[in-house]
Amino acid sequence: MRKACLTQVLVLVFALTALFSNAVSADANREYQLKAAYLLNFARFIYWPKALFSSEIDVFRICVYGESPFGENLNYLLSKKVQGRSIKINQIENLNNVAACHILFVCESNKDDFYKISSYLPQHVLTVSDVKGFSSQGGMIEFIRFDNKIKFEINVAQSTKSGIKYRSQLLEVAEQLR
Amino acid sequence: MELIQFSSIKNKLLMVYVTITAIVLASAFIISVSFGAASSKTNIISGLNVVGEIIADRGTASLAFSDVESANSNLRALRSHDSIVYACIRSVENEIFAEYSADIEAVFKCDEYSENKSVNIGNDYIDIYKPMLLEGQHIGSVQIKASLIKFGGQTIKSIKLSLGIFIGLMMVAAFVSGRVMNKITEPITRLKDVAQRVTDSKDYSLRMKKTSSDEVGVLVESFNNMLDQILERDRALSEEKDKAELSALSAKRYAKETENINIDLENEIRERAKIEEELQDLNETLEEKVQERTIELEKLNEKIGDVARSAGMAEVASGVLHNVGNVLNSVNVSVSVIREQIRKTKAENLSRLVEMLDSNKKNIADFIEKDNKGKQIPKFLSLLSDQLKEEKITLYSELDQLANNIDHIKNVISMQQSYAGSYGVREKVKVSELVEDALKINLQGMSQHGIKVIRKYEDIPMLYVDKHKALQVIINLISNAKYALIDSGKGNKTISVLVESVENNVSINVIDNGIGIASEDIAHLFEYGFKKRRGGHGYGLHHSALVANELGGRISVHSDGLGEGASFSIIIPVDEQAGI
């Protein structure tokens, strides 16, 4: 089982590498692979109240706001599950629809729009971005580069305001807490 | 043990408290150590399991976010566990993600994770393997290695600690017990001191102050009461002592007096002994005299016996004479009758006839045929013959009677002779023969008066008695009965003589249906000189009663009253030794 899984992952990795080797650099591709995996891990280290889902089969939504830097990397998540729920990736252009999202990835392109209304966002939406200063300007988790490794910062106060509760392990791994 | 005996109560109590505390603590210590030892391995495993779980849980995020640093720092937290010597985290790809070693020089290997391996127990080490899961998905594994030797060291350490605690607690217990003990024993000690002072000074007026109302308080109170009582008794004793001294003085005086009296008494005793000696001598003389007198008396007794014998014989003789007299009377009568008969005999007529015939002897035939007188002769002869026949019959009968009487006299005399020799001698006698003899002696009068005698003799043993005395009594009774019958004038006169054995006695009963005895007379019947019958001498029954007594027996009488007859019984014991 595990071996099958392992093979699957390896095959996927190779396939993805082959597919995007021309479009983006290998490094950038690797970076967003990791970030996609991190998004999944974030989802797994946060307590999601049952009330957020309409039914048992309701999906877990990851929304990308703006021009996605992930390319095809997010598709890797479609086979994964969060709390037993399938994951759906939604590309959104308007923050009016954000209430349906569980994780909102804010892209560089739309950061200003986001900042404008960040304090009006509905509860229980985890906001993630790799925009520099995101966690200090109303965002919750910000990817950073540290020692040539991808790390992240968490704005706990902002998260708590939004009703997001992290598991302690995540907080331990975070590079910095605000 | 001796130490306990001689130490104070406080020390004893302290010893008890400390001993109990020691026992309890030691028990707790031993129990905890042994339990710990028993479950140490299980404890080690479960403890390691917990640690493994925590590390695995804490490490999930590090692994998920490939944060080696965080994983390493996570593992370094194991430093606080002395026994854990090594730990490592492997990724899902089975690559070593993070490692920790307590001793840098020691080289341990991170084992590959396998799902069905969770624990591995070696001689020196224990390995625990835990999977790392994220949302039920396997993302890696943790291995933790612990040294059993170090665990042992820990156990020793914990034992040392327990021992330290034990000693500390003991000291605390001893200290606290000492403090408490002081509170308890202080009044007792004071009481002891007061008691000691009382003993030493003999001052019973000392008292102890009561400070509490517990058992010690009660003890103090009792002690004070006791002292009160002792004081009181002391006083009473000294009074008694004075009294005793006084009585001792008077006792001494009495003793002196008693001594004097004793001396007097001893003198008196000596005198008495002297008198006694004299008396002894006198006694001896007296005994001699008594002996002499006894001999004299014996002689006299013999004489008296002879006299009595003679008297008895005289009695018998008188009885015999009486009988013989009666018979002689009959003899006399018979002789007179015969004489009269002979005097009146018609035989003389015969001589006249002979004369008549003699004078006519020549013509005797004519005389008889023709003479008037001669014609009468045959008739006369036949008459005479009849008369003579009659006379002969009468004479014969009288002569028979005479012969009988003489025979009777002969019997009586011969009987008297036979008894005369035996007076005062006891011999075997058949009772029926004795009774028969007595009847024979009385027979004369009885046939005369038509008295019928009924005999009824049981077969009884021979009696060992003075034959003569016994006979006397029986004769007397039969004679009395005879006279009672004669006097009654009844037509049917009967004497019944019954001889029977009653228990160990022979009872001779003489029963008549004669005049009987008035009830008022019965009581005087055996008195001397009591007589009812004319011609009686008044000592017959009296004498008989005495004789019966001499024979060891007695006489009894019964009568329903005058005219109702009487019954006399003489009862003589069969026993050979009884009687005279």
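## Strands and sheet in chain A

Strand 2 (residues 60-65) of chain A and strand 5 (residues 103-106) of chain A run parallel and are joined by four bridges, where strands are DSSP runs of E with at least two residues, helices are runs of H or I with at least four residues, and both are numbered from the N terminus. Within this pairing, Cys63(A) has Leu104(A) of strand 5 as its bridge partner. Two strands count as paired if DSSP finds at least two bridges between them.

Both strands belong to an open sheet of eight strands in chain A, whose order is 3-4-2-5-6-7-8-10 and whose pairing is mixed. Its edge strands, each pairing on one side only, are strand 3 (81-82) and strand 10 (176-177) of chain A. Chain A has five helices and 10 strands.

## How the model is to be read

This is a predicted model, in which local features need pLDDT of at least 70 and side-chain atom pairs count only at pLDDT 80 or more, while totals for chains, interfaces and linings use all residues. Residues are numbered from 1 along each chain as its sequence is written, and chains are lettered from A and ligands numbered from 1 in the order in which they are written.

The mean pLDDT (the predictor's confidence in each residue, from 0 to 100) of chain B is 82, and 89% of its residues reach 70 or more. Confidence in chain B is lowest in helix 1 (residues 2-6), at a mean of 60, and highest in strand 10 (residues 505-512) of chain B, at 92. Where pLDDT is low, the predicted coordinates should not be read in detail. For the complex, the predictor gives an ipTM of 0.75 and a pTM of 0.39.

## Nonpolar cores

A nonpolar core is a set of buried Ala, Val, Leu, Ile, Met, Phe, Trp, Tyr and Cys residues joined through C-beta atoms within 7 Å, and a residue is buried if 20 or more other C-beta atoms lie within 10 Å of its own, with C-beta atoms placed from the backbone. The largest such core has 72 residues, of which Leu39(A), Phe42(A), Ile103(A), Phe105(A) and Ala87(B) touch the most other members. A second, separate core of 42 residues includes Val431(B), Leu434(B), Leu471(B) and Ala566(B).

## Where the chains meet

Residues are in contact if their C-beta atoms, placed from the backbone, lie within 7 Å, and 12 residues of chain B are in contact with 11 residues of chain A. On the side of chain B that touches chain A, helix 2 (residues 9-64) of chain B gives the most, with five residues.

Methods: Two residues are in contact if their C-beta atoms, placed from the backbone, lie within 7 Å. A residue is buried if 20 or more other C-beta atoms lie within 10 Å of its own, exposed if 12 or fewer, and partly exposed in between; C-beta atoms are placed from the backbone.
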